[in-house]
Amino acid sequence: MNGEEKIGHLDQELPMTGMPASDDPFPGDIGYYAPWGNVVFYYGDVSRYDGIARIGTLEKTAPIQRHDGDFSATIQRGN
């Protein structure tokens, strides 16, 4: 959306217990948008949004940014 992020739907919602009510993600962050149950891959700078929680980081943003259609991605827990 807006040339700053790619969004996708998760198979199940994530719990938001203990997470902040809003966040201001950086390029390279992976976020979770609780109101819609979406995962968000940020490759540009965005503003603070209510309902966003940072849940990880991308190793590289270029592969995400290059896609202009549907694609699949796997998110794995790091060390």
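Where is G37 placed? G37 lies in the loop between β3 (29–33) and β4 (38–42). The views below show this residue and other sites in a predicted model.

View 1. G37 is buried, with a relative accessible area of 4%. Not counting residues up to four places away in sequence, G37 touches G8, H9, L10 and Y32. L14 is 23 residues from G37 in sequence, while their C-alpha atoms are 7.4 Å apart in space.

**View 2. A nonpolar surface patch that includes L14.** L14, M19 and I55 together make a nonpolar surface patch of about 220 Å². I55 belongs to strand β6 (residues 52–57). The relative accessible area of I55 is 42%, so I55 counts as partly exposed and passes the cut-off of over 30% required for residues in such patches.

**View 3. The largest nonpolar core.** This core has 6 residues: I30, V39, F41, Y43, L58 and I64. Residues up to four places away in sequence aside, F41 touches E4, E5, K6, D29, I30, L58, I64, A73 and I75. Among these contacts of F41 are the core residues I30, L58 and I64.

**View 4. The buried acidic residue E5.** E5 sits in strand β1 (residues 5–9). E5 is buried but has no salt bridge. K6, the nearest side chain of opposite charge, is 10 Å away, whereas a salt bridge requires a side-chain nitrogen and a carboxyl oxygen within 4 Å. Leaving aside neighbours within four places in sequence, E5 is in contact with V40, F41, Y42, Y43 and V46. F41 and Y43 also belong to the largest nonpolar core.

Conventions. Residues numbered from 1 in each chain as written. Predicted model: local features only at pLDDT ≥ 70, side-chain atom pairs only at ≥ 80, totals over all residues. Heavy atoms only, no water. Patch = residues over 30% accessible without salt bridge, like charges linked within 9 Å, V, L, I, M, F, W, Y side chains within 5 Å. Areas by Shrake-Rupley, 256 points an atom, 1.4 Å probe, with all protein chains shown as cover. Helix = DSSP H or I, 4+ residues; strand = E, 2+ residues; numbered from the N terminus. Buried < 20%, exposed > 50% of the residue type's maximum accessible area, 1.4 Å probe, protein only. Core = buried A, V, L, I, M, F, W, Y, C linked by side-chain atoms within 4.5 Å. Contact = heavy atoms within 4.5 Å. Lys, Arg positive; Asp, Glu negative; His and termini not counted.
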